[in-house]
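Here are my notes on this entry, in numbered points. Please read them with the coordinates open.

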Amino acid sequence: MKHIIKRVLIVFCIILALFLVQTAMLPRIPYLVAVPNLMLIATFSFGFLRGRMEGMIVGLISGLLMDVFHGGVIGFYTLIFIYIGYMNGILARYLVSDVILLPMGLCLINEIFYSGYVYVFGFLIRNRLDFGSYFHSIIMPEFLLTVLATVVVYGVILLINRWLERDEKKGATKFA
């Protein structure tokens, strides 16, 4: 039980720290054209490393933070982040998490899915049809920065996850 509480607190602190960096710190950098989507990286990372349930929970928290502080409708970002956490959680059974190219590829696919979702439900439905402008000014810069940020953020999350798993195993052997 102690390990579960420790994991929950650490994961929540990671999500909150990434949210604050994404929304409060990175937009203040003067020459940064776009901001990497750190919430997306956190969601697919935890889904990929820990499975569907933890991916969905991280997606729920990340999406609610985005909805409350940046969205117009509660549930807009939450829905996409829950789906991303779930889909990457399914992949956790079949793929190895140690190779850095795999998370970068997953980030690429998730960013395309996320950007398409935001375009269709945020712009296209409201009759904003200029996809070229949206693609060049929003999708491409965010896409490139998010894929680059994946190397650092996923690496840190992977190290923390390994540390927590080692700690959980050590606690389990002490109890037995």
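1. Helix H2 is largely enclosed by the rest of the structure, because 12 of its 13 residues are buried. This is a predicted model. The buried residues run from Leu 38, Met 39, Leu 40, Ile 41, Ala 42 and Thr 43 to Phe 44, Ser 45, Phe 46, Gly 47, Phe 48 and Leu 49. H2 spans 18 Å from its first C-alpha to its last, close to the 18 Å expected at 1.5 Å a residue. Gly 51 follows H2 and has a positive phi, near 110°.

2. How do H1 and H2 pack? Helix H1 (residues 2-25) meets helix H2 (residues 38-50) at an angle of about 155°, and their axes lie 8 Å apart. The pair is therefore roughly antiparallel, since angles over 145 degrees count as such. On the H1 side, the contact uses Arg 7, Val 11, Ile 14, Ile 15, Leu 18, Phe 19, Val 21 and Gln 22. H2 contributes Leu 38, Met 39, Ala 42, Phe 46 and Arg 50. By class, this contact has 10 nonpolar, 1 polar and 2 charged residues.

3. Two residues illustrate this pairing. Ile 14 lies in H1. It counts as buried, at 14% relative accessibility. Beyond its neighbours within four places in sequence, Ile 14 is in contact with Phe 46, Ile 157 and Ile 160. Leu 38, in turn, touches Leu 18, Val 21, Gln 22, Leu 26, Ala 149 and Val 153, leaving out residues up to four places away in sequence.

4. Now Thr 43, also in H2. Thr 43 has a relative accessible area of 0%, so it is buried. Not counting residues up to four places away in sequence, Thr 43 touches Gly 55, Val 58, Gly 59, Ser 62, Phe 81, Ile 84 and Gly 85.

5. Three of those partners, Phe 81, Ile 84 and Gly 85, are among the buried residues of H4. What covers the buried residues of H4 includes H2, H3 and H5. H4 has 16 residues and reaches 24 Å between its end C-alpha atoms, close to the 22 Å expected at 1.5 Å a residue.

6. Is Glu 111 buried or exposed? At 1% relative accessibility, Glu 111 counts as buried. This residue sits in helix H5 (residues 101-122). Setting aside residues up to four places away in sequence, Glu 111 touches Asn 37, Leu 40, Glu 142, Phe 143 and Thr 146. I would check this site in the viewer.

7. H5 as a whole has 22 residues and reaches 31 Å, close to the 32 Å expected at 1.5 Å a residue. Its buried residues include Pro 103, Leu 106, Cys 107, Asn 110, Tyr 114, Ser 115, Tyr 117, Val 118, Tyr 119 and Gly 122.

8. Last, the core. The largest nonpolar core has 37 residues. Leu 18, Leu 38, Met 39, Phe 81, Tyr 114 and Ile 157 have the most contacts inside it. H1, H2, helix H3 (52-70), helix H4 (76-91), H5 and helix H6 (131-175) each supply at least two residues of this core. In soluble globular proteins, nonpolar side chains tend to be buried together.

Key
Residues numbered from 1 in each chain as written. Predicted model: local features only at pLDDT ≥ 70, side-chain atom pairs only at ≥ 80, totals over all residues. Heavy atoms only, no water. Axes fitted to C-alpha atoms, helices over the stretch in contact; angles between N-to-C directions. Helix = DSSP H or I, 4+ residues; strand = E, 2+ residues; numbered from the N terminus. Parallel < 35°, antiparallel > 145°, perpendicular 65-115°, else oblique. Contact = heavy atoms within 4.5 Å. Nonpolar A, V, L, I, M, F, W, Y, C, P; charged D, E, K, R; others polar. Buried < 20%, exposed > 50% of the residue type's maximum accessible area, 1.4 Å probe, protein only. Expected span 1.5 Å × (residues − 1). Core = buried A, V, L, I, M, F, W, Y, C linked by side-chain atoms within 4.5 Å.
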